[in-house]
Structure formats: C-alpha cells, structure tokens
Amino acid sequence: MQIKEKLNQLIAEAAHKAGIALEEPRVVEAGKPEFGDYQFNGAMPLAKTLKRNPRQIAQALVEALPQNEIIAKAEIAGPGFINLTLSAEWLAERLKEASSSERLGVGRRKEPQTVVVDYSSPNMAKQMHVGHLRSTIIGDSLANLFAFLGDEVIRQNHIGDWGTQFGMLIAYLEELGEGAEGSLHDLEEFYKAAKKRFDEDEAFADKSREYVVKLQGGDVRCLHLWEQFIDKSLGHCEEVYSKLHVKLSREDVRAESAYNDELAEIVSDLEAKGLLKQSRGAKVVFVEGEENPLIIQKSDGGYLYATTDLAAIRFRVQVLGAKRISYVVDARQAGHFKQVFAVARMAGYAPEDVELEHVSFGMMLDKSGRPFKTRDGGTVKLIELLEEAVERAKEAITQKEAYDEEELEKIAEIVGIGAVKYADLSINRESNYIFDWDRMLSLEGNTSLYQQYAYARIQSILRKYEGEIEGHVTIGDELERRLALKLLQLEDILHLAAREATPHTITAYLYDLATLFMKFYENNPILRSDVPEDLRQSRLIFAQTTARTLRLALELLGIKVLDRL
RNA sequence: GCGCCAGUAGCUCAAUUGGAUAGAGCAUCAGACUUCGGAUCUGAGGGCUAGGGGUUCGACUCCUCUCUGGCGCACCA
C-alpha cells in the first residue's frame with residue numbers, strides 16, 4: 001500500500017480543480033500526532049509565486065479535494081499547513097486486505113529495472129577482515145530489498161584476484177609443494193610468510209615477478225597454481241558468507257581477472273574517442289574539476305583498478321543490461337568513483353539513463369573511537385569476529401533463560417549474527433560506526449533482540465490461540481489507529497529505503513512498529529476471557545500482521561527470526 | 001596546500017530531504033504487575049543542533065567564514 005502516492009494524487013486533483021498550478025505534490029508524515037496522519041506543506045511555497053495568501057491557497061485545495069474514502073479530515077493550521085487524518089474504516093479495511101496478502105500488500109514495481117549491486121569484494125590475497133563487514137552486510141540487504149520490490153537484481157562480487165602480489169603467492173605455494181593445503185588454512189600467515197621470503201630472498205623475489213608476467217600471459221602452470229589459490233581463498237569467504245547468512249555464491253563472483261582481456265581494448269577505445277592524454281608517461285583521462293587525472297595505463301604498460309572498473313561498468317551496462325549500478329564501497333573511495341563515473345559517462349559506457357551510485361559508508365571504530373583492531377594492533381579477522389558474536393550472544397541470553405545445549409547453539413547463532421548485522425544497518429551508513437558489543441547485544445533499545453523478542457512474544461500468543469484468524473479489523477482506540485497506519489506504511493518505507501539505499505530507514509521503522517505494538521499489547525488484551533470474540537479476532541489480526549511485518553523486514557535485512565527465544 | 005565527509009542531550013543515534021514545540025534508546029531519578037512471555041510498559045529531568053554571519057513566512061537541513069575531527073590527493077587495490 002503506497003499511501004503517500006494516493007494522497008498525492010488527491011492533492012494533485014484538488015489543485016487541478018482549483019486551478020492551482022502544482023507539480024508533483026508531496027505529502028509527508030505528520031510531525032506530531034495532533035497534526036493528524038499526514039501533512040501537505042506545499043501551500044506556503046506556492047504563496048509567493050501565486051502572490052496569494054497561503055491560507056487561502058490551502059483553503060482552496062481543501063475545498064477542491066475530490067470525494068474519497070481515504071481522508072476523514074483535512075484541516076488548515078498555522079501559516080498554511082494542511083493536516084490530513086485518514087479514515088479509520090479505510091485503514092481497517094486496508095489492514096484486513098494486507099493481512100490476507102502474501103506480500104503484506106506490498107506491490108511489485110510495474111517496470112522492473114536491472115540493478116547491479118557490487119558489494120563485499122574481498123581481496124583474495126588475504127583473509128576477510130572487519131573492513132569487509134559493512135560492505136557485505138549493507139550490500140546484501142540492499143540486494144534483497146531491490147529484489148523484493150520487483151527489480152531484476154544482479155549481485156556482483158568483484159573480488160580482487162589479480163595483481164602483482166599473486167606472483168609472490170603462487171611462487172610460494174609452488175615452493176611448499178605437497179604440504180601446501182594446510183598452510184592455506186590461514187591466509188594471513190601464508191601471506192606474511194610469502195612476503196618474508198620475498199623480502200629476504202632475491203631469487204625468490206625474481207621468480208615472483210616472473211610469475212606475475214607468466215600468469216598474466218596465460219602460462220598454464222601458473223594459472224593452475226593461481227586457480228588453486230583462488231579457490232581456497234574463495235572458500236574462506238564462503239565460510240564467512242554462510243555464517244553471515246549472506247546470499248553471495250560463486251555465481252555472483254565476477255573477478256577482476258575476468259576483465260583482463262578487455263583492458264587493452266578499453267585503452268584503445270578511450271583513445272579513439274579522443275579522451276586519452278599522455279601525462280608523465282602514463283595514459284590518463286582528465287576529468288573536469290579534478291586536479292589529478294584518472295590513470296588508465298601506467299607508464300610501464302600495466303593497468304590499474306580504474307581500468308578494470310571501467311571495463312566492469314561497460315560489461316554491466318552492455319551485457320547485463322544494468323539501469324542502476326550500486327557500489328557498496330567505503331567512503332574513502334569517493335574520489336575514485338567520482339572520476340571513474342565521470343569517465344564512464346564521457347566514454348558512453350554508462351548512458352544518461354543508467355544510474356551510477358556510490359553507496360558509501362564510514363569506518364568501523366572501536367568504543368574509544370579508534371579504528372577497530374585486535375589488542376596487539378592487527379586486523380580483526382571477520383570469521384573470528386562472528387564467532388565472538390555467537391559466544392557473546394550465548395552469554396547474553398543465558399542470563400535470562402535456561403536452554404539446553406543444542407537449542408542454545410542455534411539461538412545464539414541467530415541472535416549473535418543478527419545483532420552484528422542489525423547494529424550496522426541501524427545507523428546512517430555515511431557516518432563512522434562505533435562497534436560496541438554491549439550495546440548491540442542489549443535487550444533494550446533499537447536492537448535486533450528487541451525485535452526478535454517482540455516477534456517471539458507474538459508467536460507465543462498465536463500458538464496459544466488455536467482457532468482460525470478470520471474476522472474483521474475494527475479500530476477501537478488511538479493505539480490501534482496508529483498501529484494500523486504504521487503497518488500500512490511498510491511499502492512507502494521500503495521504497496524510501498531502496499531509493500536512498502538506506503537500510504536504517506527500515507530499522508527505524510521496525511523499532512517504531514515494535515514499540516507501538518508493545519504499547520498496544522500492554523493496553524489491549526487479546527486472549528483474556530473477557531474479550532469479545534470479534535474484538536479478539538481483530539486484535540489477533542493486528543498481532544499476526546505485526547509479526548509478519550517484523551519478519552519480512554528483518555529477513556530483507558538478512559536477519560533471521562525465531563518463533564521461540 | 002587543495003579537496004571530500006562529518007560535528008545534534010553525559011553516551012550511542014534519529015529527524016520523512018526547507019516545515020509547526022529537534023525526537024529515541026542507554027545511563028540517572030520516579031512509577032505500574034496475583035506477567036495473554038516483565039527480555040514489558042508509564043513518567044521526569046537533560047539541547048544556543050561546534051561557533052559567527054547570511055538567504056526567507058520558516059534553517060539541524062541551503063550559502064559563507066571560522067574551529068575541531070576523519071579521510072583522500074597519478075602510475076597499490
């Protein structure tokens with residue numbers, strides 16, 4: 001149910017009827033309950049252009065509102081606000097409708113577009129660390145969201161599997177020979193050991209460099225070693241993805257190396273289009289307003305990640321048919337993407353109708369505001385962080401309840417991972433993010449556990465009630481009105497979150513919803529024997545729809561829920 | 001030096017993209033129950049939105065300057 005769109009239409013019709021020129025009216029949710037449910041603030045800006053009193057304009061709009069069953073009350077307030085209150089009957093009927101729909105009344109986009117979401121993108125030379133966490137979590141939730149709203153989503157894991165360090169790594173892998181399998185268990189150690197050999201042994205270093213050339217030249221032996229290495233490294237990533245409940249698979253991997261054969265052609269194409277310049281021995285493209293150019297080919301003939309990124313954009317637009325490409329990459333890359341996008345436009349790889357967006361996010365900091373590191377200053381391996389999350393979840397929940405071992409393991413896994421993801425997704429991604437175990441595993445406030453508890457509590461009610469839920473919705477008090485409205489706002493919220501690529505819009509909504517339900521539930525008994533059956537049916541629908549909404553939205557965020565906690 | 005981003009309650013975060021009296025949670029204090037799961041709910045205190053100037057009916061939001069912090073500034077990715 002897209003409520004705003006319906007209200008906008010009514011206002012637009014009113015404006016038309018009243019002879020007021022109004023492009024795309026936009027109602028917003030009311031700032032306070034006493035202002036009604038929605039408000040339209042467009043009369044004030046119109047006052048100037050029309051040279052009329054804003055209250056008069058508002059008055060004319062209200063009088064011209066067409067007959068409809070949605071708006072129960074339209075009032076003018078202050079300098080010219082139009083406050084709209086929706087009809088309780090209409091809300092009740094729509095809620096009933098949503099409750100009996102599989103998608104809770106959320107429609108699919110009429111004209112689906114192909115969206116590429118580029119996220120996670122680990123480097124194969126090393127183990128995944130906390131730096132990959134935010135991209136993986138945010139990207140996955142956005143991909144889920146776009147897909148649910150009806151877009152054709154293509155996940156792209158642009159893994160770093162190409163470059164000079166792989167010469168060193170495969171040379172070392174070869175040197176170890178048979179026993180190499182075990183050494184690859186810890187990539188961090190493997191990398192360090194290889195680097196040590198590289199620094200200490202000139203012959204080894206030469207061989208490494210030689211292997212880079214061979215590898216890029218397609219030497220079968222080197223390619224084989226490299227594949228072995230990548231396969232193992234990707235296996236580590238998959239372990240993390242599985243633990244994180246992230247839907248990335250090998251099919252979503254399109255590695256940097258996949259574009260290798262196109263790089264020379266990108267250069268000649270840019271040259272043919274007259275964009276390429278020589279500068280200090282390198283081939284570059286100058287972007288207006290930027291001091292430094294984007295380097296396409298190094299003076300030694302090598303290519304850079306900008307080149308690969310351009311090839312990737314071209315591939316995504318021309319082969320995959322992308323109309324929106326979302327790069328979920330940390331904020332430090334803003335300058336890089338700005339230039340790459342600009343060049344992609346100039347070269348025609350991304351025509352005007354293709355949206356290129358850098359979904360940037362801030363750094364992960366510890367409680368004292370410093371970059372998140374281990375005690376001795378090293379990078380925190382992602383897999384270890386997730387294991388710790390599960391362990392901490394165990395402690396947190398056993399303080400409240402006694403579980404048997406098997407049950408505890410299962411619950412802690414869902415609670416712990418959910419807490420890590422929710423904490424990340426619940427803040428505006430642009431700002432830096434303070435990672436705090438205690439807060440994310442708290443049972444109170446805007447946390448995943450609060451949502452999961454609300455969900456489990458409703459499930460408990462639904463279990464106790466054994467009959468069918470099939471009555472009508474009646475809106476009795478103000479809390480029920482607000483709850484009904486909140487439930488029906490789901491689609492508007494999802495669209496907003498998708499358009500802005502802001503998962504925290506959804507978590508904020510969920511928190512509102514869960515607290516609102518708790519209040520409703522505190523005041524409006526459902527199963528108590530003195531509640532008349534028709535009222536009970538209505539309240540059961542509220543409860544059930546709330547639970548389904550919580551579940552749906554949490555699952556879009558990649559967070560699992562449990563019927564019992 | 002140039003550029004980008006941020007600065008909101010003691011702490012962690014919101015604020016529907018320029019709307020009405022800036023909202024939540026944590027923490028603090030005070031309440032509610034013979035609990036449909038109290039892992040809950042109700043209430044109180046706490047703010048010159050870093051600071052100055054401007055734009056207008058109206059500014060946390062836009063412009064400008066200053067301060068503070070983070071990050072980026074060509075052959076790594």
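How far is a base nitrogen of RNA strand B from an N or O atom in the side chain of Tyr305? I looked this up first, and the separation is 2.6 Å, which I list as a polar contact (a pair of N or O atoms within 3.5 Å; within protein, one must be able to donate a hydrogen and the other to accept it, and residues adjacent in sequence count only if both atoms are side-chain atoms).

I noted that this is a predicted model, in which local features need pLDDT of at least 70 and side-chain atom pairs count only at pLDDT 80 or more, while totals for chains, interfaces and linings use all residues. Residues are numbered from 1 along each chain as its sequence is written, chains are lettered from A and ligands numbered from 1 in the order in which they are written, and side-chain values use heavy atoms, with hydrogens and water left out.

A backbone N or O atom of Ser299 lies 2.7 Å from a base oxygen, and a polar side-chain atom of Arg439 lies 2.8 Å from a sugar or linking oxygen.

I then looked at the surroundings of the strand, where a residue is near if one of its heavy atoms lies within 4 Å. Of the 64 residues around RNA strand B, Asn83, Ile295, Lys298, Arg457 and Lys464 come nearest.

Arg481 forms a salt bridge (a side-chain nitrogen of Lys or Arg within 4 Å of a carboxyl oxygen of Asp or Glu) with Asp37, the closest N and O atoms being 2.4 Å apart.
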